[in-house]
Amino acid sequence: MPKIETSIAEGYMLKWTVIDALREVISNAIDAEEREGHTFSIKHKGDILSVHSKGAKVNASALLMGYSESRDYVTAIGEFGEGLPLALKTLACRGHDVEIDNDDERWTPEISRSEVYNARVLCIKTRKIKSRGHFEVRVHGIDTETYLEARNLFLALSPTEQHEIIQGPGGTNVLLQEDLKGKVFNKGVFVTLNEDLMWGYNLCTTLNRDRNIIDTYDLRLRINLLIADILAQG
């Protein structure tokens with residue numbers, strides 16, 4: 001069976017959790033909908049989490065570290081081009097079987113020894129299948145608690161259909177719901193909880209590769225600027 005061999009070593013980014021990996025898989029689907037109109041859906045049945053992007057097909061270059069089609073989109077969640085390969089590496093290392101239907105190919109990630117690098121790396125087994133007309137990632141071994149934790153990282157997937165918000169510039173928001181108090185999101189993805197904050201906030205800034213928020217001082221500054229912009233709008 002043909003395979004795509006990456007240069008991502010088994011021991012790289014071991015601190016990533018299954019939740020981190022699922023966050024990246026879901027983020028990619030959200031970005032694909034915004035960037036190219038590929039409607040995404042997410043479902044959990046039994047112990048299988050499925051993330052589906054209608055009409056999408058992903059080039060193998062998406063497995064290259066640093067390659068990102070979202071970098072030029074200001075509101076896109078992904079920007080470093082590492083999310084998908086690191087997510088697949090993490091899931092494989094943590095014992096989760098993953099199947100990806102990439103239109104007319106099936107990708108199966110695994111950790112195996114590379115003759116080129118003489119090390120265990122992320123490899124993607126590939127085989128031809130009948131065209132599915134979508135890009136779908138199926139992750140096995142995901143219980144309900146893990147699914148809900150991953151889903152609740154995203155404002156777009158929150159059980160509340162319509163958030164109570166005050167809209168700021170550039171896709172930023174003040175989130176007025178009591179259950180969102182103190183929660184900070186960036187481009188709709190949960191980043192941190194600060195119980196000292198009066199409300200919840202959705203910002204649009206640059207994070208590091210772990211999606212960690214900037215320091216507390218800068219966070220306060222950005223929140224103050226957001227509120228000032230909202231007040232200036234009247």
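Guide: T90 touches W16, T17, V18 and A21, leaving aside residues up to four places away in sequence; contact means heavy atoms within 4.5 Å. This is a predicted model, in which local features need pLDDT of at least 70 and side-chain atom pairs count only at pLDDT 80 or more, while totals for chains, interfaces and linings use all residues. Residues are numbered from 1 along each chain as its sequence is written, and side-chain values use heavy atoms, with hydrogens and water left out.

Visitor: What is the span of helix α4, and how does it stand against the expected value?

Guide: Helix α4 (residues 216-233) has 18 residues and reaches 26 Å from its first C-alpha to its last, close to the 26 Å expected at 1.5 Å a residue. The expected span is 1.5 Å times one less than the number of residues. The buried residues of α4 are L219, I223, L226 and I230. Seen down the axis of α4, these fall within an arc of 60°, so they line one face of the helix; the arc is that of the directions from the helix axis to the C-beta atoms. They pack against β8 (165-167), β9, β10 and β12 (200-203), whereas the face turned away from them carries the exposed residues Y217, N224, L231 and A232.

Visitor: What makes R23 and D20 a salt bridge?

Guide: A salt bridge is a side-chain nitrogen of Lys or Arg within 4 Å of a carboxyl oxygen of Asp or Glu. The closest N and O atoms of R23 and D20 are 3.2 Å apart, and the pair forms a salt bridge. Being three residues apart in helix α1, R23 and D20 are separated by about one helical turn. R23 counts as buried at 6% relative accessibility, and D20 is buried at 18%. By this rule the count comes to twelve salt bridges.

Visitor: Where in the chain do D101 and R132 lie?

Guide: D101 forms a salt bridge with R132, with closest N and O atoms 3.8 Å apart. The pair links distant parts of the chain: D101 is in strand β4 (residues 98-102) and R132 in the loop between β6 (119-128) and β7 (134-140), 31 residues apart. D101 counts as buried at 3% relative accessibility, whereas R132 at 36% counts as partly exposed.

Visitor: What makes I166, L176, M198 and W199 a patch?

Guide: Patches are made of residues with over 30% relative accessible area and no salt bridge; like charges are joined within 9 Å, and nonpolar side chains (Val, Leu, Ile, Met, Phe, Trp, Tyr) within 5 Å. I166, L176, M198 and W199 form a nonpolar patch on the surface, with about 350 Å² of accessible area together. One of them, L176, counts as partly exposed at 33% relative accessibility. L176 lies in the loop between β9 (173-175) and β10 (183-186).

Conventions:
Accessible areas come from the Shrake-Rupley method with a 1.4 Å probe; for residues, only the protein chains shown count as cover. Helices (H or I, at least four residues) and strands (E, at least two) are DSSP runs, numbered from the N terminus. Buried means under 20% relative accessible area, exposed over 50%, partly exposed in between (1.4 Å probe, protein chains only).
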